[in-house]
Amino acid sequence: GLAIAAQLVRLMEGEIGVESRPGVGSCFRFTAKLQMLRHAGVNRAQDLAAASWKADPAPHNLPSLRILLAEDNAVNRILAVRLLEKRRHYVTCVENGRKAVETCGSSDFDLVLMDLQMPELDGLEATIAIRQGEQVSGRPRLPIVAMTAHAMTGDRERCLAAGMDGFVTKPIQADELYGAVERFGRGVEVAEP
C-alpha cells in the first residue's frame, strides 16, 4: 500500500513522508500538485472523485464480466478498476500493449478496455495483433474498447480501422465507462474466479 501511495504522490509531483513513534503510532503526510479542471461550470476533479466512490452498483440483472484493462497510468488504472469492481466485474490489469496481446491469447475475457498510448505496443498495434491472433487461432472476436484522452477528429476512425469496437474518452466518467461495458461486453454470467 505504501509503495502504491508513494507512486501516486510522485505522479502528482508531490512528496510523501512518515513520522512514527513506537507504541504511539504513525502519521503519514503528503503534498501534491493538483489542478482543478472546469468543464461547463462543473468541477471535473470533484466529479471524478465522486464517481469512483459513489457509483451505483450494477443492477442485479446485469452479468459480471471478465475484463482485461490495458492501461499504463496507475491513477487511471486504479479509478477504472474501482468503478468496474463496483459493478461486480472481474478485472485483470496489464501495463503495456505487448502484455495485453499475450494475456488475450492465454485467457478468456468478455471485454478489453485498451489505452491507446502505452509502452512496447500502443493500443492500436495491440488491437491489430489481437485480431490477427483471432484469425489464426479461430477464437471468437473479443470486444475491444479504446480508452483515450485523444478526442481529435479521426481518432475514433483510426480505432475502428484497427479493429476496435468502441471508444471511451478520458478522464474516465463512470456513466460512459458503464455504458461501453454494457454495450460491448459479451454479457455472459461468469463464475467467481
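In which helix is N76 found? N76 is found in helix α3, and the legends below concern this helix and its surroundings in a predicted model.

**View 1. The whole protein as predicted.** The protein has seven helices and nine strands, where helices (H or I, at least four residues) and strands (E, at least two) are DSSP runs numbered from the N terminus. Of the 193 residues, 39% are buried, that is, under 20% relative accessible area with a 1.4 Å probe and protein chains only. The accessible surface comes to about 11400 Å², and 53% of it belongs to carbon and sulfur atoms; such areas come from the Shrake-Rupley method with a 1.4 Å probe. Among contacts with a separation of 6 or more, 61% join residues 24 or more positions apart, contact being defined as heavy atoms within 4.5 Å.

View 2. Leaving aside residues up to four places away in sequence, N76 touches E71, K170 and I172.

**View 3. The packing of helix α3 against helix α7.** Helix α3 (residues 74-86) packs with helix α7 (residues 174-184) at an angle of about 60°, and their axes lie 11 Å apart. This makes α3 oblique to α7, since angles under 35 degrees count as roughly parallel, over 145 as roughly antiparallel, 65 to 115 as roughly perpendicular and the rest as oblique. The axes are lines fitted to C-alpha atoms, for helices over the stretch in contact, and the angles run from 0 to 180 degrees between N-to-C directions. The crossing of α3 past α7 is right-handed, which is to say that the near helix is turned clockwise from the far one by less than a right angle. On the α3 side A80, L83, L84 and K86 take part, and they meet A174, L177, Y178 and V181 of α7. By class, this contact of α3 with α7 holds seven nonpolar residues, no polar ones and one charged residue; Ala, Val, Leu, Ile, Met, Phe, Trp, Tyr, Cys and Pro count as nonpolar, Asp, Glu, Lys and Arg as charged, and the others, Gly among them, as polar.

**View 4. The packing of helix α1 against helix α3.** Helix α1 (residues 2-11) and α3 pack at an angle of about 120°, with 10 Å between their axes, which means that α1 is oblique to α3. I4, Q7, L8 and L11 of α1 meet A74, V75 and I78 of α3, a contact of α1 with α3 that comprises six nonpolar residues, one polar residue and no charged ones.

**Notes.** Residues are numbered from 1 along each chain as its sequence is written, and side-chain values use heavy atoms, with hydrogens and water left out. In this predicted model local features need pLDDT of at least 70 and side-chain atom pairs count only at pLDDT 80 or more, whereas totals for chains, interfaces and linings use all residues.

How values were computed:
Buried means under 20% relative accessible area, exposed over 50%, partly exposed in between (1.4 Å probe, protein chains only).
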